[in-house]
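Colleague: I would like a close look at one part of this model, the place where aromatic rings gather. Please take it slowly, as for someone new to structures.

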Amino acid sequence: MRHTTAPSLAPNGTAIAYIVRDGGYPYAVQAALTEDGVGKERPVQLPIEGPVTRVLHSPDAQWIACEVSPKGSEKLETFTVSTDPEVEGASPLRNTFDARTHLVEWDRDKLAMDAVAADGMTEARLVDPNTSRYQVMDRRLDALLVASEAGYSLMRVGPRGNRELLLVNPQGRWMPLLPPEPGATTEDGRILPITDSRLVILVVTDHGADRRRLMRLVVDIEGERPVCIEREELISNPEADVDEFAISEDLSTAAVLWNQAGISNLELLSLGDEQRVQVRRTVELPGMVAAGLSITDDGQLLALTVEGPNLPPTVEVLRLEAGRVEPLDPDRTDRLDERARQGDVPELVFYTARDGLELSGWLYLPENPAPGHPVYVHLHGGPEGQSRPVHHDVLADIVAAGYTVFTPNVRGSKGNGRAFIHADDRYGRFAAIDDVADTVSFLCDADLCTAGRVFLGGRSYGGFLAVLAAARYPDMFLGVVDACGMTSFETYYESTEPWLASAASPKYGYPMHDAELLWEISPLHKAELITTPVLFIHGANDSNVPLQESQQLYDALVELGRTPQFLEVPGEGHQFVKPKSRQLIGERILEFFAELS
């Protein structure tokens with residue numbers, strides 16, 4: 001089934017680029033925009049095999065920057081491609097020592113990006129697309145470039161779950177945008193066009209609050225070192241988090257995507273002087289979840305990806321006119337609305353953990369339940385991921401086969417505020433494991449499942465948590481699916497990319513300070529307790545959680561006389577992106593369930 005995602009509008013509104021998945025690896029396309037809608041697609045030719053993860057139009061619409069994951073690995077590479085169909089070739093933007101390059105945004109006629117070396121050192125770069133030459137704006141360990149404007153840059157620093165933004169001026173002097181606050185996360189921002197001796201910066205943060213909101217900061221740049229002179233809240237919602245925002249170059253219009261209990265709400269803001277919100281408009285979306293905002297310089301066109309349980313991810317372009325919002329192609333949007341209405345919509349339900357914390361999850365009921373009413377509980381990745389009503393083809397196949405599917409948000413999930421997302425940090429992991437058992441108890445008490453008829457699984461963190469829960473509660477599950485989960489933190493920290501190991505420590509534990517904890521929550525060291533049958537699924541090219549993580553627990557279970565199963569998915573990394581791979585995974589999971597039912 002065809003998916004289109006991650007749109008990038010040409011700033012002048014004449015074209016659009018986005019990512020298409022309809023067969024092999026996702027690839028990038030370009031298309032003209034007319035009054036009648038999106039024109040004929042032209043695939044972007046790149047000299048590397050792997051899924052395209054991002055596309056970005058230059059301000060003059062002469063270039064497209066593409067980010068690619070070689071064969072699905074975490075070692076991203078970037079290229080620039082001319083938008084002129086007569087100009088062939090793609091220019092790589094990396095040097096010999098780069099382990100990973102990452103697109104950020106265009107800063108006038110230069111491309112802002114960062115490059116991470118094998119030791120985790122990050123360079124923030126401004127690249128000339130004509131020559132591929134670059135200047136380094138900042139260099140620091142375990143950081144990420146977030147935004148750039150006229151030589152000023154925002155660098156994300158700090159450990160996972162407690163991140164901050166530093167403003168770096170063209171002379172290399174830097175300042176933190178907000179005062180230190182343990183547990184606060186500020187990791188997304190935009191520097192607005194410079195006026196006089198001031199910088200205005202918009203940031204998404206939960207600093208000083210439980211929910212992520214949009215703040216406006218004013219920085220005096222006249223002195224030797226930048227100084228923040230104003231801080232104010234621009235927009236907030238006590239029951240929702242800002243997922244992302246976009247603002248037009250002329251500063252007339254902003255778009256904000258809210259995450260309210262997993263459902264996306266789109267708001268359009270008409271802005272006045274000093275970005276004061278004059279008008280707020282809510283726009284109805286054809287899908288339950290949206291992402292990937294892109295807006296033209298004049299604020300007249302907005303593109304985003306929408307999806308839902310019955311709607312594959314699809315790029316939608318909206319025309320923003322005074323007093324109304326309408327799709328660029330109304331007929332196409334009518335078709336999307338019709339597809340989104342087809343089939344059953346999952347129900348969001350709430351329940352309570354043993355310590356009184358409120359949890360939630362999405363319940364998918366089959367039209368024709370299988371004999372014995374089996375249930376599959378699917379755990380999201382992260383841990384800061386979130387179960388949302390997205391289009392999940394594998395889960396849809398499981399529901400169609402007659403299984404009830406429940407996708408919980410145990411503690412540590414995003415979308416429920418700052419305290420909830422930190423509730424599983426380090427020693428809180430044991431409570432998160434108990435949340436899985438409490439989820440099963442809730443389903444049984446609600447007559448949604450029968451004890452002993454529950455399957456458990458997940459991908460990445462979800463797979464890790466599934467086998468850990470099976471070790472702690474060996475008689476609770478009929479079978480477990482572990483898709484590319486960590487099994488030993490000793491080997492994971494040694495074998496994953498260094499920047500990923502560094503990011504994992506604040507959530508799971510630090511090797512030096514928390515060695516006993518890390519041993520206790522490593523499934524490999526609990527192998528003798530895992531008596532439930534396990535199906536391991538892993539991408540052959542995974543460099544985030546290397547294949548050995550699944551292999552070593554599989555081998556340990558075999559040595560103990562167990563009969564685990566293993567599916568190695570060729571040509572895939574940490575994400576399973578090829579349709580044939582996802583079909584294979586869905587079929588294998590259902591075979592595994594059938595064998596145990």
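Which residues do ring pairs link into a cluster?

Modeller: The cluster is made of Tyr461, Phe464, Phe489, Tyr492, Tyr493 and Tyr508, joined by ring pairs. The model is predicted, so local features need pLDDT of at least 70 and side-chain atom pairs 80 or more, while totals for chains, interfaces and linings use all residues. Residues are numbered from 1 along each chain as its sequence is written, and side-chain values use heavy atoms, without hydrogens or water.

Rings of Phe, Tyr and Trp (its six-membered ring) pair if their centres lie within 6.5 Å; planes under 30 degrees apart are stacked, over 60 edge-to-face, and the rest tilted. The structure holds 19 such pairs. One of them joins Phe464 to Tyr508, with 5.9 Å from centre to centre and 85° between the planes, an edge-to-face arrangement. This pair links distant parts of the chain, since Phe464 belongs to helix α5 (residues 461-472) and Tyr508 to helix α7 (residues 498-508), 44 residues apart. Helices are DSSP runs (H or I, at least four residues) and strands are runs of E (at least two), numbered from the N terminus.

The cut-offs are under 20% for buried and over 50% for exposed, with partly exposed in between (1.4 Å probe, protein chains only). In the pair of Tyr492 and Tyr493, the ring centres are 5.9 Å apart and the planes meet at 40°, so the pair is tilted. Tyr492 and Tyr493 are both buried.

Tyr508 leads on to the helix that holds it. In α7, nine of the eleven residues are buried, so the rest of the structure largely encloses this helix. They are Trp499, Leu500, Ala501, Ala503, Ala504, Ser505, Pro506, Lys507 and Tyr508.

Helix α4 (residues 429-445) can be read in the same manner. Twelve of its 17 residues are buried, so α4 is also largely enclosed by the rest of the structure. Among the buried residues of α4 are Arg429, Ile433, Val436, Val440, Phe442 and Leu443. At 1.5 Å a residue, α4 should span 24 Å, and its end C-alpha atoms are 25 Å apart, which agrees. The expected span is 1.5 Å times one less than the number of residues. Just after α4 comes a positive phi of about 60°, at Asp447.

Strand β12 (residues 121-127) and strand β13 (residues 134-141) pair in the antiparallel sense, over seven bridges; pairing needs at least two DSSP bridges. Met121 has Leu141 in β13 as its bridge partner. The two strands, β12 and β13, form a hairpin with six residues between them, and in the turn Ser132 has a positive phi of about 65°.

In short, the ring cluster includes Phe464 and Tyr508, and the pair they form runs from α5 to α7.
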